[in-house]
Amino acid sequence: MIILLSLILASFNMGNRNGVIAQPQKPHIIFILADDLGWNDVSFHGSKQIPTPNIDALAYDGIILNNYYVSPICTPTRSAILTGRYPIHTAMQVDVILGSRPYGLPLNETIMPQYLNELGYASHTVGKWHLGFFAKEYTPMFRGFDTHYGYYCGHEDYYDHRTVEGVRTDAFLFYN
């Protein structure tokens with residue numbers, strides 16, 4: 001798995017026609033977490049089989065994390081990245097959270113979008129959450145994200161919104 005963090009710096013506008021000096025803009029932050037992406041699955045690492053020009057451009061203009069080690073499954077990795085803490089300290093170290101399990105990333109954990117919101121950023125997520133959804137407080141939009149376009153579990157069907165154990169997650173979409 002490769003984690004790619006790309007900071008795309010916004011252009012700085014140091015003045016305008018009125019001679020007033022404007023404040024520099026904050027950099028845009030785009031964080032890409034790709035499950036099951038191998039080292040040589042992107043062309044910026046040398047893949048000749050899989051061209052990835054857009055990901056390459058983000059990587060070359062940003063920061064590439066080549067020595068970031070993650071858990072071999074989704075929930076512990078996501079909890080570590082969003083909290084900055086090892087999964088054993090958030091009780092997320094054992095397994096993925098299945099749709100029928102009544103727990104999630106503890107609510108007393110402040111996560112990345114909450115910190116970014118305090119700095120004036122808007123935070124959005126696309127893709128799977130996989131950090132619990134048994135109560136609305138555990139879902140992305142109650143954890144600091146302004147929008148969430150995706151699903152709550154792993155292995156969810158795109159059409160009928162059933163998880164591998166048959167739980168329908170579209171019944172929980174009213175949270176967002």
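Modeller: Leu82 touches Thr110, Ile111, Met112, Pro113, Trp129, Leu131 and Phe145, leaving aside residues up to four places away in sequence. Contact here means heavy atoms within 4.5 Å. This is a predicted model, where local features need pLDDT of at least 70, side-chain atom pairs count only at pLDDT 80 or more, and totals for chains, interfaces and linings use all residues. Residues are numbered from 1 along each chain as its sequence is written, and side-chain values use heavy atoms, with hydrogens and water left out.

Biologist: Why is helix α2 called largely enclosed by the rest of the structure?

Modeller: Because 10 of the 10 residues of α2 (residues 74-83) are buried. Buried means under 20% relative accessible area, exposed is over 50%, and partly exposed is in between (1.4 Å probe, protein chains only). Helices (H or I, at least four residues) and strands (E, at least two) are DSSP runs, numbered from the N terminus. Take Cys74: its relative accessibility is 14%, so under the 20% cut-off it counts as buried.

Biologist: What follows α2?

Modeller: Gly84, whose phi is positive, near 80 degrees.

Biologist: Which residues make up the largest nonpolar core?

Modeller: There are 11: Leu82, Met92, Ile97, Leu105, Ile111, Trp129, Leu131, Phe133, Phe145, Tyr152 and Cys153. A nonpolar core is a set of buried Ala, Val, Leu, Ile, Met, Phe, Trp, Tyr and Cys residues joined through side-chain atoms within 4.5 Å.

Biologist: How many aromatic pairs are there?

Modeller: Four. Rings of Phe, Tyr and Trp (its six-membered ring) pair if their centres lie within 6.5 Å; planes under 30 degrees apart are stacked, over 60 edge-to-face, the rest tilted.

Biologist: Why is the pair of Phe133 and Tyr152 called stacked?

Modeller: The centres are 5.2 Å apart with 15 degrees between the planes, so the pair passes the 6.5 Å and 30 degrees limits. Phe133 sits in the loop between β4 (124-128) and β5 (147-151) and Tyr152 in the segment after β5, so the pair ties together parts 19 residues apart in sequence.

Biologist: And what makes Phe134 and Tyr138 tilted?

Modeller: Their planes are 40 degrees apart, at 4.7 Å centre to centre, so the angle falls in neither the stacked nor the edge-to-face range. Phe134 is partly exposed at 35%, whereas Tyr138 is buried at 16%.

Biologist: How do you know that the charged end of Lys26 sits over the ring of Tyr121?

Modeller: It lies 5.5 Å from the ring centre. The rule wants NZ of Lys or CZ of Arg within 6 Å of the centre and within 35 degrees of the ring normal.
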